[in-house]
Structures are given as C-alpha cells and as structure tokens.
Amino acid sequence: MAKYSIFSLIRNGLSYHRNWQRAWRSPEPKPDYDIVIIGGGGHGLGTAYYLAREFGVSNVAVLEKGWLGGGNTGRNTSIVRSNYLWDESAALYEHALKLWEGLSQELNFNVMFSQRGVMNLAHNLHDWRELNRRVHAIRLNGIDSEILNAQQVKAEAPILNVSQTSRYPIMGASMQRRGGTARHDAVAWGYARGADARGVDIIQNCAVTGLDIRNGRIEGVETTRGRIKTRKVGVVVAGHSSVLADMAGFRMPIESNPLQALVSDPVKPVLDCVIMSSAVHVYVSQSDKGELVIGAGSDLYVSYAQRGSFDIIEGIMGALCELIPMVSRLKLMRQWGGIVDVTPDRSPIIGATPVEGLFFNCGWGTGGFKATPGSAHVFAATLAKGEPHRLAAPFSLDRFRTGHLIDEAGAAAVAH
Amino acid sequence: MFLIECPWCGPRQQIEFHCHGEAHIARPVDPDAISDAEWADYVFNRTNPKGVHYERWVHNHGCRRWFNVARDTVSDRILATYRVGEKAPKVTP
C-alpha cells in the first residue's frame, strides 16, 4: 500500500495524477476463507480491517452485493456523537468516538472527521428537564457534555430563530463539543484500503443467495459468484438483516424503515456546528462544500424501497424554515433514502445467533454511522474470539428473551 | 404509495393514515404455558419481509377505523386493503 503524504501528492502531481496506485484490488473469490463478512459498508469493511490488523486474521473476504459504501454508509447525514443515556450505550458509542479521533492517522486516509460540536435543542419544559437529566448522566460516564441557555445557543448558531414567540421556541440545548461530522465515503474507502493491504479480499457485485447450514452450524455461503466455504460468517447488512436471518432460518426483532436526507444548494459558511432537534425531528449541518445537509425522520412502515414519503420532507422542511428562517430561500438539490434496521429498544444487536459460527451485527437503526469504528472493532473481536467483546456483550440477541433491554428509544438524544 | 384505499372511505391521501406494523399476530392463548423465547418471539420478532407484507393501518384523520393492507415492500405498491377480521387475500407483487 503506497503511503499517502504531501510528498506522494507532489510526486504524483508532477505526472499529472496519472500514476496513482489503485486503493484496493478486485480479486476473484477464493474457494474458502477463515471468516466471511457479508456487507461491504463501513461496519463490514471496518470489521475486516480490525480482524486483519488487530486479531491476526487476514484470510477474510468481504462480500458486497453492490459497490462499497453504497448502502447506508453513503446515505446518512454523517453526524458523529456519543451522548447516549444508558451506561452500555455510552461505553459503546464513546469507544467509537475515541477511535474516530485517531482514524485519519490510523488509516492514512483523510476521513475529514471534524469535531465541530453537536447541539441538541430543547423546545419545551419537558425537553429541557429531559436534556438536563441526560447531560448529567452523560457527564457521570466521563463523556463531555454541557448545557447551553438560549443566548448561548444563539451565539453558537446565529442563524437559529431563538425568539420566544416562534413556533418552536428554543429554551436551550445540550452540546457535545467532541461530536461533529465525517466524510462518509472516505470511511468505507479508508477501511477498504487498509483491509486490502493486509490481505483481505474485497469482492464487489457479489450477492449472497443462501447460507449453507448443516447440523446447526454454518459451513459456507452461496453467492452469485459461486460457493464459498467458511466456518465463520459475520453478517453486517443493516436493512437486509431480516432477509439474511430468513435464509438462516430464524426470526429477528427488527423492522426495516426508510430514512431520508437531503442537501440544499451550496451557500457561504453559515453554520459551524451540528444542530439537532428531536421535537421536530430534524438534524442539520453544513458540509465543506457549503450545502446544508438535512436529516429527516424515518417512515413508520416497513419498506425496502430506498426512498421515503414526501410528507416527511414537507414536515421537516416546514419545521426547519421556522427554526432557521434563511432556509426558506434555499433550494434543495438532492434527496435520498436508506433502509434502516430498527430494533424494539433502538439499540444494536451484536454477536452470536442460534446458528453456530454465524454472527450478526445489526439493528443500528437510524444512528449507525457514528458507531462505525467502534461497531467494527467490537465485532471483529467477537468474531476472532468467538465470544462477545466486553462492550458488545450487553447487546446480544438473547436480551430480547432475558428482558435486559437497553431502551434508548426514549432516552437517546434524538427520538427515533 | 400516495393513495390508500380505505375499506370504509375509499381512496384517500397517505398523510391521513398511520401504519401500526405487522398484521395477523395472534397473542398466545396461555402466556404462562410458553417459554421466555416463545414470548419474546410474540412480543419482539417480526417477519419484516422483502416482498408482500400484511400490515395494520388506521385512518386517523378520517374515519379513525383500523384495517389491513397487503403491500409490496420493494415497490411500496399497495396490493389489497381489507377489513379487520377478514382473511388475508393471496396477492402477488
């Protein structure tokens, strides 16, 4: 793997950038692997990367039915934060945030992680009380979080309408200054390049059509590019988790919903932090290109169509025009939808399944991007050792039987 | 999925309705007699199919009555709507 640096940039500049080495190979699948990862998004590629780099397992294949990062990795609003209420979630998301902080150096790939701060607004007395409780709980877990009053919110983001007579008056906000945004594609590409350099085979345009299970144990996967033998499979397919579970013959506590996002035309810098409001269900940040990146709520019906309902767009844009009046003069350029895998307690499922050797990492729902490095790291550990990583253990599939749910539905900084 | 055929009111806009998830889930007759895993299956597990999904909708900004819908989750096309208590129709996407 050629190291990217200022010197390689100058050297390649001299040859008009025609001689850059390709970032990863495009190999034919081998007949068997130690571990097969299904799903070439950020979580899956990251899992392969940590397997090779930290756990010494490099005879690994990542199977992707489309192109790398073409699913939810490329369809989110790229917000990263770790301000979760419950101890289990706080530990997991903070693990991810700490990995984010060193990720560009680690991967020698600029993931453009920008710790510009994430603000969660409170619009009424209930929001405000809940926000205060959450900030203090988060601080007790050693995670940075602070409370801002309405004037401080205005100082952070002058484009917000903080008038007390507005439709959504702002009482204050929580702020996690270590939170921010990252470039979503770069995360998938950086992990792919790092994994490939360590011997992982990344196989695109290769859909899994069946799982070879004998006597309750995984023996291989059937794909559109032939059969691959393996005794360990990690499934990281987000919205399609139920489809893979169906192939394996068990049921999952998951429903797949469309979640939309949109971007405006580019404008001069107007917003240097992330604004989130769970009451009106909108998140907004400004990209380096100047577009406002706007996230919406999910449609509350099962769907695998990667688009959403128009009334969701209408609802959030109406609310955003009230919160940030200048938005009414912007045009929207693009809109897209991803299929998110939502669990009843809005927490992920990481670990073993009823089939021996078959592991799932799913259920990240509407907030998986922020967890990418942490999710990948704990899942790699779980796959390599065959037992759950310490941080992944509470997120077992078995929690729905035992009742030890991690109920972030009403507790996380955003409504789901 | 812009128009939904309410079995009582006829075709109406989607924003008048709200979806309440999978239909035809029967509550176990004797909860004490089944295992935790079976109870968890009833409470939490869902079919979540990529294909035809039978689901419950309510016309909350209209007649406020509940009914069932058969919908293709790949195209979001509604294949049939029918009243609660009626048998799920056989449909193909």
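In chain A, helix α3 (residues 87-101) and helix α10 (residues 372-385) have axes that come within 7 Å and cross at roughly 110°, the axes being lines fitted to C-alpha atoms over the stretch in contact, with angles from 0 to 180 degrees between N-to-C directions. This is a predicted model, in which local features need pLDDT of at least 70 and side-chain atom pairs count only at pLDDT 80 or more, while totals for chains, interfaces and linings use all residues. Residues are numbered from 1 along each chain as its sequence is written, chains are lettered from A in the order in which they are written, and side-chain values use heavy atoms, without hydrogens and water.

**Helix pair in chain A**
- α3(A) and α10(A) are therefore roughly perpendicular to each other, a term that covers angles of 65 to 115 degrees.
- The contact (heavy atoms within 4.5 Å) is made by residues including A:L92 and A:W100 of α3(A) and A:P373 and A:H377 of α10(A).

**Interface of chains A and B**
- The contact takes 24 residues from chain B and 23 residues from chain A.
- The buried area, which is the accessible area (1.4 Å probe) that two parts lose on being put together, summed over both, is about 2,000 Å² between chain B and chain A, with 51% given by carbon and sulfur atoms.
- B:F44, B:N48 and B:K50 supply 32% of the area that chain B buries against chain A, more than any other three residues.

**Salt bridge**
- Across this interface the rule finds 1 salt bridge, defined as a side-chain nitrogen of Lys or Arg within 4 Å of a carboxyl oxygen of Asp or Glu.
- The side chains of B:D41 and A:R251 meet in a salt bridge at 2.8 Å, N to O.

Note on methods:
Helix = DSSP H or I, 4+ residues; strand = E, 2+ residues; numbered from the N terminus. Parallel < 35°, antiparallel > 145°, perpendicular 65-115°, else oblique.
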